[in-house]
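I set out to record how this chain is folded. My entries follow the structure shown here.

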Amino acid sequence: MPRRRPKRPNPRGDREPRPIGDVFGRTESGPGDDENYVVRTVSGARAVKTYRCPGCDHEIAPGTPHIVAWPADGGEDDRRHWHTGCWRGRRTRTITRRWS
Ligand SMILES: [Zn+2]
């Protein structure tokens, strides 16, 4: 008979309030399918420089909470700073379809 761990009561499904702030990097699939990226959230207080977002080619102003991501295989030298929204939309951005 399989033993099940009792689940915490969570009436709203998996929408647990959980701080995503300066926790350790998590891994997500990157803009391509074959690479995993380590992803970190940078809080506004830690964003002290201007970065250029590879998603939209615009600058990320200091004080803007954003995302840092780099290939899991690579080093921190490969880090890229993304707008949070651009990182989330990285899949759809790369699959831009042209009808010309
Ligand atoms: Zn952007």
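**Notebook: sheet and loop**

I looked up the sheet and found that 4 strands form an open sheet in the order β1-β2-β5-β6, with antiparallel pairing. The model is predicted, so I noted its limits: local features need pLDDT of at least 70, side-chain atom pairs count only at pLDDT 80 or more, and totals for chains, interfaces and linings use all residues. Residues are numbered from 1 along each chain as its sequence is written.

I noted that strands (E, at least two residues) and helices (H or I, at least four) are DSSP runs, numbered from the N terminus. Two strands pair if DSSP finds at least two bridges between them.

Strand β5 (residues 66-71) pairs with β6 in the antiparallel sense over 3 bridges. I traced Val68 to its bridge partner in β6, His81.

**Whole chain.** I recorded 2 helices and 6 strands in the protein chain. From the N terminus on, the elements run β-β-β-β-β-β-α-α.

**Asp57.** I located Asp57 in the loop between β3 (51-52) and β4 (59-60). Is Asp57 buried or exposed? Asp57 is exposed, because 8 other C-beta atoms lie within 10 Å. I also noted that the phi of Asp57 is near 60°, a positive value in a residue other than glycine. Most residues other than glycine have a negative phi.

Terms used:
A residue is buried if 20 or more other C-beta atoms lie within 10 Å of its own, exposed if 12 or fewer, and partly exposed in between; C-beta atoms are placed from the backbone.
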